[in-house]
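Dear colleague,

I am passing on the structure below, together with some notes on what came out of it. Please read them with the model open beside you.

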Amino acid sequence: MNDPSMVELAVPGTQPDFHFPPYVSSIARSPRMPLVRLQKTHMKLTGPVFGNELIREHDNDLTAQHNGEPIGERILVHGRVLDEDGKPVRSALVEVWQANAGGRYRHMVDTYDAPLDPNFSGGGRMLTDDQGRYWFKTVKPGPYPWRNHHNAWRPAHIHFSLFGAGILSRLVTQMYFPGDPLQPLDPIFNSIPDERARERLVSRLDMDRSEPNYMLAYEWDVVLRGRTDTPFEEGHR
Amino acid sequence: MSSDSSRIPSSSQTVGPYFRIGLEYLLERTSAGAMESQGTIELCGQVLDRDGAPVPDALLEFWTSATVSLRPGRNAEQSTFPAGFRRVLTDGVGKYSLVIERPAADEPGEDRTKAPYMIVLVFARGLLRHLISRVYLGDERTNKTDSVLNGISEERRATLIAQPDESRAGAYTWDIILQGIGETVFFAW
(Lines give C-alpha, C1' and ligand atoms only; values in the text may rest on other atoms or scores of the structure.)
Protein backbone atom coordinates (compact mmCIF):
# COMPACT_ATOMS: atom_id res chain seq x y z
CA MET A 1 0.00 0.00 0.00
CA ASN A 2 2.85 2.40 0.77
CA ASP A 3 4.80 1.75 -2.39
CA PRO A 4 6.59 5.08 -2.94
CA SER A 5 6.41 4.65 -6.70
CA MET A 6 2.60 4.89 -6.60
CA VAL A 7 0.52 8.08 -6.61
CA GLU A 8 0.11 9.30 -3.04
CA LEU A 9 -3.42 9.14 -1.71
CA ALA A 10 -5.00 11.91 0.35
CA VAL A 11 -4.42 11.94 4.10
CA PRO A 12 -7.44 9.99 5.45
CA GLY A 13 -10.39 12.21 6.31
CA THR A 14 -9.07 15.30 4.56
CA GLN A 15 -10.96 14.80 1.31
CA PRO A 16 -14.67 14.02 0.86
CA ASP A 17 -15.79 10.57 -0.15
CA PHE A 18 -17.02 10.44 -3.73
CA HIS A 19 -20.19 8.71 -2.56
CA PHE A 20 -21.80 10.67 0.28
CA PRO A 21 -25.58 9.98 0.45
CA PRO A 22 -26.46 13.05 2.59
CA TYR A 23 -25.46 14.99 -0.53
CA VAL A 24 -28.18 13.46 -2.70
CA SER A 25 -26.65 14.40 -6.07
CA SER A 26 -23.63 12.20 -5.29
CA ILE A 27 -25.71 9.01 -5.16
CA ALA A 28 -26.11 8.36 -8.90
CA ARG A 29 -23.09 10.32 -10.10
CA SER A 30 -20.17 8.98 -8.07
CA PRO A 31 -18.17 5.93 -9.14
CA ARG A 32 -18.63 2.76 -7.07
CA MET A 33 -15.89 0.65 -8.63
CA PRO A 34 -12.51 0.87 -6.92
CA LEU A 35 -10.39 3.74 -8.24
CA VAL A 36 -7.24 2.51 -9.99
CA ARG A 37 -3.99 3.66 -8.45
CA LEU A 38 -1.35 4.62 -10.97
CA GLN A 39 2.38 4.92 -10.69
CA LYS A 40 3.57 8.47 -10.18
CA THR A 41 5.34 8.40 -13.51
CA HIS A 42 1.94 7.92 -15.14
CA MET A 43 0.48 11.04 -13.52
CA LYS A 44 3.32 13.46 -14.11
CA LEU A 45 1.72 15.56 -16.79
CA THR A 46 2.53 19.23 -16.35
CA GLY A 47 0.74 22.40 -17.34
CA PRO A 48 -1.31 24.04 -18.65
CA VAL A 49 0.48 27.33 -18.23
CA PHE A 50 -1.74 30.38 -18.30
CA GLY A 51 -0.50 33.85 -19.08
CA ASN A 52 -1.45 37.37 -18.10
CA GLU A 53 -3.23 37.95 -21.40
CA LEU A 54 -6.00 35.72 -20.07
CA ILE A 55 -6.78 38.28 -17.38
CA ARG A 56 -8.74 41.41 -18.22
CA GLU A 57 -9.18 44.62 -16.28
CA HIS A 58 -11.69 44.18 -13.42
CA ASP A 59 -11.37 40.39 -13.46
CA ASN A 60 -10.30 40.64 -9.81
CA ASP A 61 -12.79 43.36 -8.93
CA LEU A 62 -16.28 41.89 -9.06
CA THR A 63 -17.70 45.22 -7.88
CA ALA A 64 -16.40 47.06 -10.97
CA GLN A 65 -17.69 44.93 -13.83
CA HIS A 66 -20.79 47.05 -14.50
CA ASN A 67 -21.71 50.71 -14.62
CA GLY A 68 -22.90 50.84 -11.03
CA GLU A 69 -21.83 49.22 -7.79
CA PRO A 70 -23.51 46.00 -6.66
CA ILE A 71 -25.68 45.92 -3.56
CA GLY A 72 -24.14 44.16 -0.58
CA GLU A 73 -21.33 44.06 1.90
CA ARG A 74 -18.17 45.09 0.00
CA ILE A 75 -15.25 42.82 0.93
CA LEU A 76 -11.66 42.02 0.00
CA VAL A 77 -10.76 38.33 -0.21
CA HIS A 78 -7.06 37.54 -0.26
CA GLY A 79 -4.58 34.85 0.64
CA ARG A 80 -1.77 32.69 -0.64
CA VAL A 81 -1.61 29.60 -2.78
CA LEU A 82 0.99 27.28 -1.29
CA ASP A 83 2.41 23.86 -2.06
CA GLU A 84 2.82 21.00 0.41
CA ASP A 85 6.12 22.46 1.59
CA GLY A 86 4.45 25.78 2.33
CA LYS A 87 6.19 27.40 -0.63
CA PRO A 88 4.30 29.86 -2.84
CA VAL A 89 2.76 28.61 -6.07
CA ARG A 90 3.54 31.40 -8.53
CA SER A 91 1.40 32.34 -11.53
CA ALA A 92 -1.31 29.93 -10.43
CA LEU A 93 -4.61 30.60 -12.19
CA VAL A 94 -7.31 31.27 -9.58
CA GLU A 95 -10.90 31.35 -10.86
CA VAL A 96 -13.83 32.35 -8.62
CA TRP A 97 -17.61 32.48 -8.86
CA GLN A 98 -20.35 33.22 -6.37
CA ALA A 99 -23.95 34.22 -5.66
CA ASN A 100 -24.86 37.86 -5.16
CA ALA A 101 -25.57 39.42 -1.77
CA GLY A 102 -29.12 38.06 -1.88
CA GLY A 103 -27.98 34.50 -2.52
CA ARG A 104 -28.86 34.44 -6.21
CA TYR A 105 -26.56 33.22 -9.00
CA ARG A 106 -26.65 34.85 -12.41
CA HIS A 107 -27.31 31.47 -14.01
CA MET A 108 -30.26 30.09 -15.96
CA VAL A 109 -30.77 27.08 -13.70
CA ASP A 110 -30.94 29.13 -10.50
CA THR A 111 -34.67 29.47 -9.82
CA TYR A 112 -34.45 31.03 -6.37
CA ASP A 113 -36.59 34.19 -6.51
CA ALA A 114 -34.10 36.46 -4.76
CA PRO A 115 -33.40 39.42 -7.06
CA LEU A 116 -30.62 39.47 -9.59
CA ASP A 117 -28.35 42.48 -9.24
CA PRO A 118 -27.85 44.30 -12.56
CA ASN A 119 -24.43 45.38 -11.30
CA PHE A 120 -23.12 41.96 -10.32
CA SER A 121 -22.10 39.00 -12.49
CA GLY A 122 -20.24 37.03 -9.82
CA GLY A 123 -17.27 35.69 -11.80
CA GLY A 124 -13.58 36.59 -11.58
CA ARG A 125 -10.05 35.34 -12.11
CA MET A 126 -6.45 36.23 -11.40
CA LEU A 127 -2.89 34.86 -11.41
CA THR A 128 -0.94 34.61 -8.16
CA ASP A 129 2.10 36.86 -7.77
CA ASP A 130 5.67 35.84 -6.92
CA GLN A 131 4.72 35.25 -3.29
CA GLY A 132 1.76 33.10 -4.33
CA ARG A 133 -0.67 35.84 -3.33
CA TYR A 134 -4.09 36.47 -4.83
CA TRP A 135 -6.70 39.09 -4.00
CA PHE A 136 -10.04 40.24 -5.30
CA LYS A 137 -12.76 42.66 -4.34
CA THR A 138 -16.37 41.52 -4.29
CA VAL A 139 -19.54 41.59 -2.21
CA LYS A 140 -20.19 38.96 0.44
CA PRO A 141 -22.44 36.26 -1.07
CA GLY A 142 -25.70 35.44 0.68
CA PRO A 143 -26.82 31.98 1.80
CA TYR A 144 -29.43 30.37 -0.45
CA PRO A 145 -31.91 27.50 -0.45
CA TRP A 146 -31.41 24.30 -2.43
CA ARG A 147 -33.40 21.13 -2.93
CA ASN A 148 -31.16 18.56 -1.28
CA HIS A 149 -33.50 18.01 1.67
CA HIS A 150 -36.34 19.83 3.45
CA ASN A 151 -35.42 23.42 4.33
CA ALA A 152 -31.87 23.03 3.01
CA TRP A 153 -29.73 26.19 2.86
CA ARG A 154 -26.15 26.53 1.71
CA PRO A 155 -23.86 28.54 3.99
CA ALA A 156 -22.34 31.59 2.31
CA HIS A 157 -19.41 30.54 0.13
CA ILE A 158 -17.25 31.50 -2.84
CA HIS A 159 -16.29 28.82 -5.38
CA PHE A 160 -12.58 28.55 -6.23
CA SER A 161 -10.84 26.72 -9.08
CA LEU A 162 -7.03 26.53 -9.01
CA PHE A 163 -4.27 25.27 -11.32
CA GLY A 164 -0.87 24.51 -9.80
CA ALA A 165 2.17 22.88 -11.33
CA GLY A 166 0.83 19.51 -12.41
CA ILE A 167 -2.23 17.37 -12.90
CA LEU A 168 -2.49 16.38 -9.25
CA SER A 169 -2.38 19.98 -8.07
CA ARG A 170 -5.69 20.78 -9.77
CA LEU A 171 -8.29 21.76 -7.18
CA VAL A 172 -11.89 22.96 -7.18
CA THR A 173 -13.23 23.90 -3.78
CA GLN A 174 -15.31 26.43 -1.83
CA MET A 175 -14.27 29.12 0.65
CA TYR A 176 -16.59 29.73 3.60
CA PHE A 177 -16.96 32.62 6.05
CA PRO A 178 -16.26 32.52 9.78
CA GLY A 179 -19.11 32.18 12.22
CA ASP A 180 -21.72 30.98 9.72
CA PRO A 181 -24.34 28.95 11.65
CA LEU A 182 -25.36 27.10 8.49
CA GLN A 183 -22.02 25.30 8.21
CA PRO A 184 -22.86 22.49 10.70
CA LEU A 185 -26.08 21.83 8.77
CA ASP A 186 -24.55 21.66 5.29
CA PRO A 187 -23.92 18.20 3.76
CA ILE A 188 -21.41 19.57 1.24
CA PHE A 189 -19.26 21.21 3.94
CA ASN A 190 -19.66 18.15 6.16
CA SER A 191 -18.70 15.71 3.40
CA ILE A 192 -15.13 16.28 4.64
CA PRO A 193 -14.77 13.90 7.60
CA ASP A 194 -11.88 15.66 9.33
CA GLU A 195 -12.96 18.69 11.35
CA ARG A 196 -9.63 20.47 11.01
CA ALA A 197 -9.70 19.96 7.25
CA ARG A 198 -13.20 21.48 7.16
CA GLU A 199 -12.04 24.45 9.19
CA ARG A 200 -9.26 25.08 6.69
CA LEU A 201 -11.97 25.95 4.14
CA VAL A 202 -13.22 28.75 6.42
CA SER A 203 -11.65 32.16 5.84
CA ARG A 204 -10.47 34.46 8.63
CA LEU A 205 -11.65 38.00 9.28
CA ASP A 206 -8.58 40.14 8.62
CA MET A 207 -8.79 43.57 10.26
CA ASP A 208 -5.28 44.44 9.07
CA ARG A 209 -6.35 44.44 5.45
CA SER A 210 -9.82 45.84 6.14
CA GLU A 211 -10.14 49.50 5.14
CA PRO A 212 -11.83 51.88 7.59
CA ASN A 213 -15.15 53.24 6.32
CA TYR A 214 -14.79 51.16 3.16
CA MET A 215 -14.63 47.35 3.40
CA LEU A 216 -13.85 44.32 5.55
CA ALA A 217 -11.24 41.77 4.48
CA TYR A 218 -11.14 37.99 4.71
CA GLU A 219 -7.95 35.95 4.40
CA TRP A 220 -7.86 32.41 3.07
CA ASP A 221 -4.84 30.32 2.09
CA VAL A 222 -5.06 27.30 -0.21
CA VAL A 223 -2.64 24.37 -0.22
CA LEU A 224 -2.26 22.52 -3.51
CA ARG A 225 -0.80 19.05 -3.88
CA GLY A 226 2.78 18.86 -5.01
CA ARG A 227 6.05 20.47 -4.12
CA THR A 228 7.66 23.27 -6.06
CA ASP A 229 11.09 21.69 -6.08
CA THR A 230 9.69 18.34 -7.12
CA PRO A 231 6.53 19.19 -9.00
CA PHE A 232 5.78 15.58 -9.82
CA GLU A 233 5.24 14.62 -6.20
CA GLU A 234 8.51 12.81 -5.77
CA GLY A 235 8.60 13.92 -2.15
CA HIS A 236 6.82 12.09 0.65
CA ARG A 237 4.94 13.09 3.72
CA MET B 1 7.55 11.84 8.13
CA SER B 2 6.12 15.33 8.12
CA SER B 3 8.48 18.21 8.45
CA ASP B 4 7.34 21.33 10.31
CA SER B 5 6.60 23.16 7.11
CA SER B 6 4.66 20.27 5.59
CA ARG B 7 1.04 21.15 4.86
CA ILE B 8 -1.96 19.02 4.10
CA PRO B 9 -3.58 19.86 0.75
CA SER B 10 -6.88 21.75 0.94
CA SER B 11 -10.08 19.72 0.68
CA SER B 12 -12.08 19.53 -2.52
CA GLN B 13 -15.70 20.66 -2.79
CA THR B 14 -18.12 20.18 -5.66
CA VAL B 15 -18.07 22.53 -8.63
CA GLY B 16 -21.86 22.74 -8.18
CA PRO B 17 -24.40 23.69 -10.84
CA TYR B 18 -23.39 27.32 -11.40
CA PHE B 19 -19.78 27.07 -12.52
CA ARG B 20 -20.43 28.67 -15.92
CA ILE B 21 -20.30 32.03 -14.14
CA GLY B 22 -16.64 31.61 -13.34
CA LEU B 23 -15.35 29.01 -15.77
CA GLU B 24 -17.16 29.53 -19.06
CA TYR B 25 -14.82 32.26 -20.30
CA LEU B 26 -12.12 29.68 -20.98
CA LEU B 27 -14.18 27.35 -23.15
CA GLU B 28 -12.70 26.03 -26.28
CA ARG B 29 -13.59 28.48 -29.00
CA THR B 30 -12.55 26.39 -31.97
CA SER B 31 -15.50 25.12 -33.93
CA ALA B 32 -15.79 21.40 -33.30
CA GLY B 33 -16.64 20.81 -36.94
CA ALA B 34 -13.55 22.45 -38.38
CA MET B 35 -10.35 20.45 -38.30
CA GLU B 36 -7.55 22.94 -38.35
CA SER B 37 -4.77 20.66 -39.46
CA GLN B 38 -3.55 17.09 -39.48
CA GLY B 39 -2.24 17.73 -36.00
CA THR B 40 -5.63 17.79 -34.32
CA ILE B 41 -8.31 15.27 -33.46
CA GLU B 42 -12.00 15.69 -32.82
CA LEU B 43 -13.47 13.92 -29.83
CA CYS B 44 -17.13 13.74 -28.88
CA GLY B 45 -19.31 11.74 -26.55
CA GLN B 46 -21.80 11.80 -23.73
CA VAL B 47 -21.59 11.84 -19.94
CA LEU B 48 -24.08 9.48 -18.26
CA ASP B 49 -25.00 8.68 -14.65
CA ARG B 50 -25.87 5.39 -12.92
CA ASP B 51 -29.32 5.29 -14.51
CA GLY B 52 -28.10 6.08 -18.00
CA ALA B 53 -29.44 9.60 -17.63
CA PRO B 54 -27.41 12.30 -19.36
CA VAL B 55 -25.39 14.65 -17.17
CA PRO B 56 -26.14 18.09 -18.64
CA ASP B 57 -24.01 20.04 -16.19
CA ALA B 58 -20.56 18.46 -16.37
CA LEU B 59 -17.32 20.29 -17.01
CA LEU B 60 -14.52 18.32 -18.66
CA GLU B 61 -10.87 19.26 -18.92
CA PHE B 62 -8.59 17.46 -21.34
CA TRP B 63 -4.83 17.55 -20.77
CA THR B 64 -2.72 16.02 -23.49
CA SER B 65 0.75 14.64 -23.33
CA ALA B 66 1.52 16.87 -26.28
CA THR B 67 3.66 19.85 -25.38
CA VAL B 68 1.62 21.85 -22.93
CA SER B 69 2.61 25.48 -22.98
CA LEU B 70 1.33 28.86 -23.93
CA ARG B 71 1.58 29.03 -27.69
CA PRO B 72 1.38 32.62 -28.90
CA GLY B 73 -1.32 32.88 -31.50
CA ARG B 74 -1.99 35.25 -34.33
CA ASN B 75 -4.33 37.28 -32.19
CA ALA B 76 -5.03 37.83 -28.54
CA GLU B 77 -7.96 35.48 -28.40
CA GLN B 78 -6.00 32.53 -29.73
CA SER B 79 -3.07 33.16 -27.47
CA THR B 80 -5.16 32.68 -24.37
CA PHE B 81 -5.48 28.96 -25.02
CA PRO B 82 -2.55 26.79 -24.04
CA ALA B 83 -1.84 24.00 -26.46
CA GLY B 84 -2.81 20.60 -25.20
CA PHE B 85 -5.53 21.83 -22.88
CA ARG B 86 -9.25 22.18 -23.48
CA ARG B 87 -12.16 22.86 -21.18
CA VAL B 88 -15.61 21.86 -22.45
CA LEU B 89 -19.13 21.65 -21.02
CA THR B 90 -21.81 19.07 -21.66
CA ASP B 91 -24.99 20.30 -23.31
CA GLY B 92 -28.62 19.67 -22.37
CA VAL B 93 -28.36 15.99 -23.33
CA GLY B 94 -24.99 15.40 -21.70
CA LYS B 95 -22.99 15.63 -24.94
CA TYR B 96 -19.61 17.25 -25.41
CA SER B 97 -17.24 17.70 -28.32
CA LEU B 98 -13.83 19.26 -28.79
CA VAL B 99 -10.96 19.67 -31.20
CA ILE B 100 -7.54 19.25 -29.63
CA GLU B 101 -3.92 18.61 -30.57
CA ARG B 102 -3.37 14.92 -31.27
CA PRO B 103 -1.75 13.48 -28.15
CA ALA B 104 1.81 12.22 -28.37
CA ALA B 105 3.33 9.35 -26.43
CA ASP B 106 4.90 10.24 -23.08
CA GLU B 107 8.49 9.96 -24.21
CA PRO B 108 8.48 9.64 -27.96
CA GLY B 109 11.37 7.72 -29.41
CA GLU B 110 12.34 6.16 -26.11
CA ASP B 111 9.68 3.71 -25.04
CA ARG B 112 7.78 2.46 -28.05
CA THR B 113 5.41 0.40 -25.93
CA LYS B 114 3.56 3.45 -24.54
CA ALA B 115 0.38 4.62 -26.21
CA PRO B 116 -0.60 8.28 -26.55
CA TYR B 117 -3.47 9.39 -24.32
CA MET B 118 -5.15 12.39 -22.79
CA ILE B 119 -5.88 12.86 -19.12
CA VAL B 120 -9.48 13.85 -18.51
CA LEU B 121 -10.81 15.62 -15.42
CA VAL B 122 -14.54 15.40 -14.76
CA PHE B 123 -16.29 18.02 -12.63
CA ALA B 124 -20.05 18.10 -11.96
CA ARG B 125 -22.72 18.77 -9.40
CA GLY B 126 -22.76 15.58 -7.33
CA LEU B 127 -18.99 15.09 -7.54
CA LEU B 128 -17.45 16.22 -4.26
CA ARG B 129 -14.03 15.53 -5.75
CA HIS B 130 -13.27 15.62 -9.45
CA LEU B 131 -12.65 12.38 -11.31
CA ILE B 132 -9.46 11.62 -13.22
CA SER B 133 -9.53 9.33 -16.24
CA ARG B 134 -7.50 8.70 -19.37
CA VAL B 135 -8.69 8.42 -22.94
CA TYR B 136 -6.76 6.47 -25.57
CA LEU B 137 -7.40 6.47 -29.32
CA GLY B 138 -8.82 3.20 -30.61
CA ASP B 139 -6.68 3.06 -33.76
CA GLU B 140 -3.30 3.31 -32.02
CA ARG B 141 -1.31 0.09 -32.33
CA THR B 142 0.56 0.78 -29.10
CA ASN B 143 -2.64 0.40 -27.06
CA LYS B 144 -1.83 -3.33 -27.01
CA THR B 145 1.52 -2.81 -25.30
CA ASP B 146 0.69 0.13 -23.02
CA SER B 147 1.47 -0.74 -19.40
CA VAL B 148 -1.35 1.38 -17.92
CA LEU B 149 -3.97 -0.19 -20.19
CA ASN B 150 -2.58 -3.65 -19.58
CA GLY B 151 -2.77 -3.06 -15.84
CA ILE B 152 -6.54 -2.76 -16.05
CA SER B 153 -8.85 -5.77 -16.30
CA GLU B 154 -9.79 -6.58 -19.87
CA GLU B 155 -13.49 -5.96 -19.34
CA ARG B 156 -12.93 -2.45 -17.99
CA ARG B 157 -10.06 -1.49 -20.29
CA ALA B 158 -12.43 -0.69 -23.15
CA THR B 159 -13.96 2.15 -21.12
CA LEU B 160 -10.76 4.14 -21.69
CA ILE B 161 -10.64 3.76 -25.47
CA ALA B 162 -12.26 6.26 -27.85
CA GLN B 163 -13.65 4.62 -30.95
CA PRO B 164 -12.56 6.02 -34.32
CA ASP B 165 -15.27 7.30 -36.65
CA GLU B 166 -14.88 5.21 -39.79
CA SER B 167 -16.31 7.91 -42.01
CA ARG B 168 -14.04 10.72 -40.83
CA ALA B 169 -10.34 10.47 -40.18
CA GLY B 170 -9.27 11.98 -36.90
CA ALA B 171 -12.74 11.83 -35.30
CA TYR B 172 -13.40 9.70 -32.22
CA THR B 173 -16.26 8.95 -29.83
CA TRP B 174 -15.86 8.38 -26.09
CA ASP B 175 -18.60 8.25 -23.46
CA ILE B 176 -18.03 8.74 -19.75
CA ILE B 177 -20.19 6.57 -17.47
CA LEU B 178 -19.96 7.87 -13.91
CA GLN B 179 -21.42 4.79 -12.21
CA GLY B 180 -22.97 1.39 -12.86
CA ILE B 181 -22.88 -0.87 -15.92
CA GLY B 182 -19.88 0.05 -18.05
CA GLU B 183 -18.55 2.43 -15.40
CA THR B 184 -15.53 4.28 -16.76
CA VAL B 185 -12.20 3.57 -15.09
CA PHE B 186 -11.17 6.45 -12.84
CA PHE B 187 -7.82 6.87 -11.13
CA ALA B 188 -7.11 7.45 -7.45
CA TRP B 189 -5.74 10.75 -6.17
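Helices (H or I, at least four residues) and strands (E, at least two) are taken here as DSSP runs and are numbered from the N terminus. Residues are numbered from 1 along each chain as its sequence is written, while chains are lettered from A and ligands numbered from 1 in the order in which they are written. Please keep in mind that this is a predicted model, in which local features need pLDDT of at least 70 and side-chain atom pairs count only at pLDDT 80 or more, whereas totals for chains, interfaces and linings use all residues.

Chain B and confidence

Chain B holds four helices and nine strands, and along the sequence these elements follow the pattern α-β-β-α-β-β-β-β-α-α-β-β-β. Of its 189 residues, 44% are buried, where a residue is buried if 20 or more other C-beta atoms lie within 10 Å of its own, exposed if 12 or fewer, and partly exposed in between, with C-beta atoms placed from the backbone. Two residues are in contact if their C-beta atoms, again placed from the backbone, lie within 7 Å; among the contacts in chain B with a separation of 6 or more, 67% join residues 24 or more positions apart.

As for pLDDT, the predictor's confidence in each residue on a scale from 0 to 100, chain B averages 85, and 79% of the residues score at least 70. Over residues 29-36 of chain B the pLDDT is below 50, and this stretch has twelve contacts in the model beyond near neighbours in sequence. Residues 67-79 of chain B also have a pLDDT below 50, with 25 contacts in the model beyond near neighbours in sequence. For the complex, the predictor gives an ipTM of 0.94 and a pTM of 0.93.

The contact between the chains

The contact takes 66 residues from chain A and 56 residues from chain B. On the side of chain A that touches chain B, at least two residues each are supplied by strand 2 (93-97), strand 7 (157-163), strand 8 (171-176) and strand 11 (222-223) of chain A, and the largest share, four residues, comes from strand 8 of chain A. The residues of that side divide into 34 nonpolar, 19 polar and 13 charged, counting Ala, Val, Leu, Ile, Met, Phe, Trp, Tyr, Cys and Pro as nonpolar, Asp, Glu, Lys and Arg as charged, and the others, Gly among them, as polar.

A sheet in chain A

Four strands of chain A form an open antiparallel sheet in the order 3-2-7-8, two strands being paired if DSSP finds at least two bridges between them. Strand 3 (123-127) and strand 8 of chain A are the edge strands, each pairing on one side only. Strand 2 of chain A is joined to strand 3 of chain A by five bridges, with A:Gly124 in strand 3 as the bridge partner of A:Val96. Strand 2 also pairs with strand 7 of chain A in the antiparallel sense over five bridges, and there A:Leu93 stands opposite A:Phe163 in strand 7.

Strand 2 of chain A is largely enclosed by the rest of the structure, because five of its five residues are buried. Both of its faces are covered, with A:Leu93, A:Glu95 and A:Trp97 buried on one side and A:Val94 and A:Val96 buried on the other.

The nonpolar core

A nonpolar core is a set of buried Ala, Val, Leu, Ile, Met, Phe, Trp, Tyr and Cys residues joined through C-beta atoms within 7 Å. The largest one has 97 residues, and those with the most contacts inside it are A:Val81, A:Val94, A:Leu162, B:Val122 and B:Tyr136. Strand 5 (residues 117-124) of chain B gives the most to this core, with seven residues. Leaving aside neighbours within four places in sequence, A:Val94 is in contact with several residues, including A:Val81, A:Tyr134, A:Phe160 and A:Leu162.

Individual residues

A:His58, in the segment before strand 1 of chain A, has a phi near 75°, a positive value in a residue other than glycine. A:Asn151, in the loop between strand 5 (144-146) and strand 6 (152-154) of chain A, likewise has a positive phi, of about 55°, and counts as exposed with 6 C-beta neighbours inside 10 Å.

With best wishes
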